[in-house]
Amino acid sequence: DCWCYYSMKEENIWAKSEKPEDFILTEEHLKEKYKDRLTILTMDIGNSESVKRAAESLKIDSIDLIINNAVTVSKDCDKEFFDVNLDYLQNTFNVTSVGALRVIKEFFPFLKRSKTMALIINISSEAGSISKCWRTNCIEYGMAKAALNMATMNLHLAFKNEPNINIFTGSEFKDIIEKEKREGYNQDDIFKKKQINTENNE
């Protein structure tokens, strides 16, 4: 998975890949488009010290947007419950759920210094919805995404007194953009609203 931290005004692009060798095509595309404005950070989001070192190495004053999209699953993900080695679940949670929190925690000072409305987008999945669950497999993926949804809601409440920072699930962010395109809303005003809708990810 690729993570991009970038200025809304396209001043600087900061991209992160857990496996740089898997990032070649995307890297070449971004380099062609953004040239010397592109910097690639490598970190292991399953390790707090690795994320901390990456944040300390970032040579920029502020960040306007963080997209948390990384996920991992075990080889047993598609298996039914009684065939799953439950010891594999820990790593899935560590990367998919806790990894996003590590990034938010360490890069939070950069968000606070943003000169616009800083956004955190946690990419979720319908697999993380409790009310709409239909699968009998993929238990680790669904549980990890459900945990990420809870973390997003928790941080939304924790950040309610931060006037310059907002946090959304990926589906909510998508809905906002589509509504803005459809009805002509000003996205800056929408992003500033301190509200979150977890209907699609509850």
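Does Arg113 count as buried, exposed or partly exposed, and at what relative accessibility? In this predicted model, local features require pLDDT of at least 70 and side-chain atom pairs count only at pLDDT 80 or more, whereas totals for chains, interfaces and linings use all residues. Residues are numbered from 1 along each chain as its sequence is written, and side-chain values use heavy atoms, with hydrogens and water left out.

Arg113 counts as partly exposed, at 38% relative accessibility, where buried means under 20% relative accessible area, exposed over 50% and partly exposed in between (1.4 Å probe, protein chains only). The side chain of Arg113 meets that of Asp61 in a salt bridge at 3.4 Å, N to O, a salt bridge being a side-chain nitrogen of Lys or Arg within 4 Å of a carboxyl oxygen of Asp or Glu. Because Arg113 lies in the loop between helix H4 (98-112) and strand E5 (118-122), and Asp61 in the loop between helix H2 (48-57) and E4, the pair ties together parts that are 52 residues apart in sequence. Asp61 is likewise partly exposed, at 44%.

By this rule the count comes to four salt bridges, among them that of Asp76 with Lys79, whose closest N and O atoms are 2.9 Å apart. Here Asp76 is buried, with a relative accessible area of 4%, while Lys79 is partly exposed at 36%. Glu126 and Arg135 also meet through their side chains in a salt bridge (2.6 Å, N to O); Glu126 is partly exposed at 39%, as is Arg135 at 26%.

Notes
Helix = DSSP H or I, 4+ residues; strand = E, 2+ residues; numbered from the N terminus.
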